[in-house]
Amino acid sequence: MIKMLVLDIDGTIYRSDYTASEAVKAAIRGLVARGIKVVLATGRMYAAAVHVAREFGLNTPIISYQGGLVKEFYDSDKTLLQCTLPVESAKIALKILKEKNIHFNLYMDDTLIVETDSETIRKYTDERKIKYRVVSNFDEIELKNINKILAIDTNAEKIEALTDELNEIFKGELYIVRSTPNFCEIANKEATKGNAIRYLAKKWNIKKEEIMACGDQDNDIEMLLSAGTKVAMGNATEKLKEIADFITDTVDNDGVCLAIEKFIEE
């Protein structure tokens with residue numbers, strides 16, 4: 001029996017237009033009403049995920065920053081778990097990104113900070129309903145409580161190569177993964193969705209076989225491996241599909257609803 005359903009947001013319950021279908025909303029709200037723990041696990045910052053949790057009527061902590069921050073929102077704003085980037089490692093990563101002329105977002109204390117204001121960053125923040133702060137140079141601010149660094153490029157091959165290179169440089173030191181073809185996430189080595197899920201499962205006394213997880217990108221691999229029932233979206237990466245127990249339909253065809261019907265409603 002599934003007691004905990006863990007869901008990625010973008011590409012899993014949110015379509016490319018950053019909306020969810022009424023069918024997906026209804027299915028998830030129905031599970032909440034039955035007492036099933038429905039948890040969002042996302043690479044998004046907490047501020048960009050909390051409105052999604054409210055939209056679906058959730059009453060569980062949010063796993064944000066790939067697992068770097070687990071925080072309540074429904075009856076308190078208590079932080080349950082937090083893993084931030086080591087400052088010296090972050091400085092090295094920022095230097096590499098600058099040298100490669102790759103755009104990046106810096107997240108500190110759940111605030112998005114950039115050095116250059118642009119249409120790209122305005123589009124990014126508008127889509128996620130968040131605010132951001134512009135500084136002239138990161139060297140002029142104190143780096144602390146760094147949630148993550150996000151490298152962004154329209155060239156997916158460039159991001160793939162960057163991810164591989166950074167993983168070699170920071171092997172065993174940081175958690176570096178692609179969350180979309182164009183996003184490279186740089187985080188604390190313990191900041192994985194899998195670690196955060198295991199933390200909540202232990203807190204609620206839920207066994208691995210009672211957990212179902214559903215995602216679409218490489219950053220969901222750790223999430224699926226922490227669950228007894230592993231579901232990949234039809235639009236998922238090949239790496240994620242390889243470890244899945246079940247490949248459901250695409251996000252545009254409400255694949256989450258199909259997975260819920262198959263494994264929870266049966």
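Student: Which residue's side chain forms a polar contact of 3.4 Å with the side chain of Thr12?

Tutor: Happy to start there. This is a predicted model, in which local features need pLDDT of at least 70 and side-chain atom pairs count only at pLDDT 80 or more, while totals for chains, interfaces and linings use all residues. Residues are numbered from 1 along each chain as its sequence is written, and side-chain values use heavy atoms, leaving out hydrogens and water. A polar contact is a pair of N or O atoms within 3.5 Å (within protein, one must be able to donate a hydrogen and the other to accept it, and residues adjacent in sequence count only if both atoms are side-chain atoms), and the partner of Thr12 at 3.4 Å is Asp216.

Student: Is Thr12 buried or exposed?

Tutor: Thr12 sits in the loop between β1 (4–7) and α1 (22–33), where helices (H or I, at least four residues) and strands (E, at least two) are DSSP runs numbered from the N terminus. It touches Cys214, Gly215, Asp216, Met233, Val251 and Val256, leaving out residues up to four places away in sequence; contact means heavy atoms within 4.5 Å. Buried means under 20% relative accessible area, exposed over 50% and partly exposed in between, with a 1.4 Å probe and protein chains only. At 1% relative accessibility, Thr12 therefore counts as buried.

Student: How far apart are the C-alpha atoms of Thr12 and Asn137?

Tutor: Along the chain, 125 residues separate Thr12 from Asn137.

Student: Which strand holds Leu7?

Tutor: Leu7 is buried, with 1% relative accessibility. Beyond its neighbours within four places in sequence, Leu7 is in contact with residues including Ile13, Ile28, Val38, Cys214 and Val256. The strand in which Leu7 is found is β1.

Student: Why does Asn147 count as buried?

Tutor: Asn147 belongs to strand β9 (residues 146–152). Its contacts, not counting residues up to four places away in sequence, include Tyr65, Gln82, Tyr107 and Ala187. Asn147 counts as buried because its relative accessible area is 2%.

Student: Which residue has its backbone nitrogen 3.2 Å from a polar atom of the Asn147 side chain?

Tutor: Look among the residues that Asn147 touches, which include Met108, Asp109 and Asp110. The backbone nitrogen at 3.2 Å is that of Asp109.

Student: How many of the 10 residues of helix α2 are buried?

Tutor: Helix α2 covers residues 46–55, and its buried residues include Tyr46, Val50 and His51. What covers them includes β2 (37–40), β3 (62–64), β4 (69–71) and α4.

Student: Which residue's backbone oxygen lies 3.1 Å from a polar atom of the Arg128 side chain?

Tutor: Arg128 is in helix α4 and is buried, at 6% relative accessible area. Leaving out residues up to four places away in sequence, Arg128 touches Tyr18, Arg44, Ala48, His51 and Phe183. The backbone oxygen at 3.1 Å belongs to Tyr124.

Student: What is the phi of Lys129?

Tutor: Lys129 lies in the loop between α4 (119–128) and β8 (132–134). It is exposed, at 62% relative accessibility. Although Lys129 is not a glycine, its phi is positive, about 55°.

Student: And what is the phi of Asn145?

Tutor: Asn145 is in the loop between β8 and β9, and at 38% relative accessibility it counts as partly exposed. This residue is not a glycine either, yet its phi is positive, near 50°.

Student: What is the radius of gyration of the whole protein chain?

Tutor: The chain contains 9 helices and 14 strands. The radius is taken over C-alpha atoms, and the globule rule is 2.2 Å times the number of residues to the power 0.38. For 266 residues that rule gives 18 Å, and the chain's own value is close to it, so the chain is as compact as a globular protein of that length, with a radius of gyration of 18 Å.

Student: What percentage of the 266 residues is buried?

Tutor: For scale, the C-alpha atoms fill a box of roughly 55 × 40 × 35 Å along the principal axes. Of the 266 residues in the chain, the buried share is 55%.
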